[in-house]
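I opened this notebook to record what I looked up in the structure, entry by entry. The sequence and the model come first, and my notes follow.

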Amino acid sequence: MLFQRRIFANAALFDWRSYVNQYRGLSRVKRLRAIALCNQIPDRIEAKRLLHTEIKNGLEVDPYNDFFNFVDVGSDREFNKDDSISQKIAQRAQNRLQKINEDLTSYKLNLARDSLRVTQNDLGEVYLAMEMFGEASNNFTKAQGYNNTDAHENESLINLLRTALFERNHDIIINLTDQAQRGNFDLNYPEAQQYYSIIKVALAIDAFRRSDFLDAARYLIRCYESIGDKFNEFFVPSDIARLGAICVLATFERDQIRDNVIKSTSFQSLLQTVPEMKEAIDAFYNRDFLKCLYNIESQMIHLVFDPIVGKSLERLDRLIFERCSITYIQPYAQIDLNKMSKDLGRPNEELQNILVEII
């Protein structure tokens with residue numbers, strides 16, 4: 001409860017609309033759903049309206065039906081389940097699939113390889129939007145057969161990687177990222193930086209889901225800001241900066257932070273997208289734990305609605321607090337609990353509990 005109170009202390013200032021608009025696809029809908037369910041968001045009724053509109057205009061019936069499992073029919077009377085809308089969603093998906101398959105047949109007759117590649121990928125995207133991951137993977141794989149450039153090969157690998165991440169298929173993620181890393185990356189070019197960063201983000205997501213926060217940190221700090229919105233079904237640059245910094249502070253020693261983060265040109269550039277996180281890392285290294293913890297807490301709200309990392313934030317917050325406490329007491333033979341409480345900004349009772357565990 002203390003964690004929830006801290007991260008939602010300024011929820012009224014959180015611009016959830018701008019936040020949601022950074023993302024696309026399944027991730028956008030899942031984040032919007034989490035906001036619509038959050039009692040601490042003052043205008044969450046607006047989030048419900050937006051969510052209702054998006055799933056009503058989507059390609060999958062299940063999210064529409066699920067919507068009415070969490071709305072309060074008493075207070076949310078404007079939302080009424082309409083079976084005809086479910087039928088329209090199903091018909092829309094069927095029409096989209098039929099049109100693409102007709103195009104595929106035409107292109108096969110004309111041996112239009114590039115059109116076949118594009119259309120086969122389009123079919124994969126529709127199945128991905130419908131959360132039919134097996135069919136999505138099959139069609140992205142078929143599109144590979146029509147590739148004729150390195151850029152096409154990279155696109156195919158990313159499409160298959162996206163699908164594997166949504167499926168949470170660890171073996172396929174590792175296999176695909178291994179394939180991708182066999183190539184040579186000239187990281188002087190933004191295109192290479194983007195592709196390289198996508199691979200590292202995918203590995204970080206896989207590590208995070210296994211609660212391997214140290215590996216997640218190692219992957220995220222190797223990303224480049226030039227990833228832009230190329231992987232915004234999962235993370236945008238500010239997410240990488242926030243989560244990378246949090247995982248670093250939860251797992252790295254001070255000398256590792258100095259050598260691998262503070263001296264890292266690429267990750268320092270990412271941290272510039274969220275100055276509070278750069279300040280948090282610098283503050284930890286300079287033993288200003290009050291500022292470090294304050295800055296981390298101020299940014300948690302930007303991650304709490306993330307379908308991948310949201311549920312782990314309280315544990316990460318605890319790990320960072322433990323690391324700050326351990327680093328704080330190291331130079332001292334005796335501890336003044338009142339002074340420590342002031343320097344870390346946490347109540348004595350919370351400090352006593354943590355000290356019992358770490359001493």
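How many residues apart in helix 12 are arginine 218 and aspartate 215? I keep in mind throughout that this is a predicted model.

**Entry: a pair within one helix.** I looked up the two positions and found them 3 residues apart in helix 12 (residues 213–220), so about one helical turn separates arginine 218 from aspartate 215. Their side chains form a salt bridge, with 3.3 Å from N to O. I then checked accessibility: arginine 218 is partly exposed at a relative accessible area of 38%, and aspartate 215 is partly exposed too, at 22%.

**Entry: a pair across the chain.** I turned next to aspartate 306 and arginine 31, whose side chains meet in a salt bridge of 2.9 Å, N to O. Aspartate 306 sits in the loop between helix 17 (289–299) and helix 18 (313–329), whereas arginine 31 belongs to helix 3 (residues 25–37), so this pair ties together parts that lie 275 residues apart in sequence. Buried means under 20% relative accessible area; aspartate 306 counts as buried because its value is 3%, and arginine 31 counts as buried because its value is 1%.

**Entry: a network.** I counted salt bridges by the rule used here and noted 26. Arg6, Glu297, Asp317, Arg346 and Glu350 are linked in a network of them. Within it I looked at aspartate 317 and arginine 346, whose closest N and O atoms are 3.9 Å apart. Aspartate 317 is in helix 18 and arginine 346 in the loop between helix 19 (337–344) and helix 20 (348–358), so that distant parts of the chain, 29 residues apart, are linked by the pair. Both aspartate 317 and arginine 346 are buried.

Entry: I wrote down a general point before looking: in soluble globular proteins, nonpolar side chains tend to be buried together. The largest nonpolar core here has 117 residues, and the members that touch the most others are Phe208, Leu249, Val261 and Phe305. Helix 11 (residues 190–209) gives this core its largest share, 10 residues. For leucine 249 I looked up the contacts, leaving aside residues up to four places away in sequence, and found among them Ile257, Phe284, Ile320 and Arg323.

**Entry: backbone angles.** Most residues other than glycine have a negative phi. I noted that arginine 168, although not a glycine, has a positive phi of about 60°; this arginine 168 is in the loop between helix 9 (150–167) and helix 10 (170–180), and it counts as exposed at 54% relative accessibility. Serine 211 likewise has a positive phi of about 60° without being a glycine. Serine 211 lies in the loop between helix 11 and helix 12 and is partly exposed, with a relative accessible area of 33%.

Entry: I recorded 12 nonpolar, 3 polar and 13 charged residues in the lining of the second largest pocket.

Conventions
Residues are numbered from 1 along each chain as its sequence is written. This is a predicted model: local features need pLDDT of at least 70, side-chain atom pairs count only at pLDDT 80 or more; totals for chains, interfaces and linings use all residues. Side-chain values use heavy atoms; hydrogens and water are left out. A nonpolar core is a set of buried Ala, Val, Leu, Ile, Met, Phe, Trp, Tyr and Cys residues joined through side-chain atoms within 4.5 Å. Buried means under 20% relative accessible area, exposed over 50%, partly exposed in between (1.4 Å probe, protein chains only). Helices (H or I, at least four residues) and strands (E, at least two) are DSSP runs, numbered from the N terminus. Contact means heavy atoms within 4.5 Å. A salt bridge is a side-chain nitrogen of Lys or Arg within 4 Å of a carboxyl oxygen of Asp or Glu. Ala, Val, Leu, Ile, Met, Phe, Trp, Tyr, Cys and Pro count as nonpolar, Asp, Glu, Lys and Arg as charged, and the others, Gly among them, as polar.
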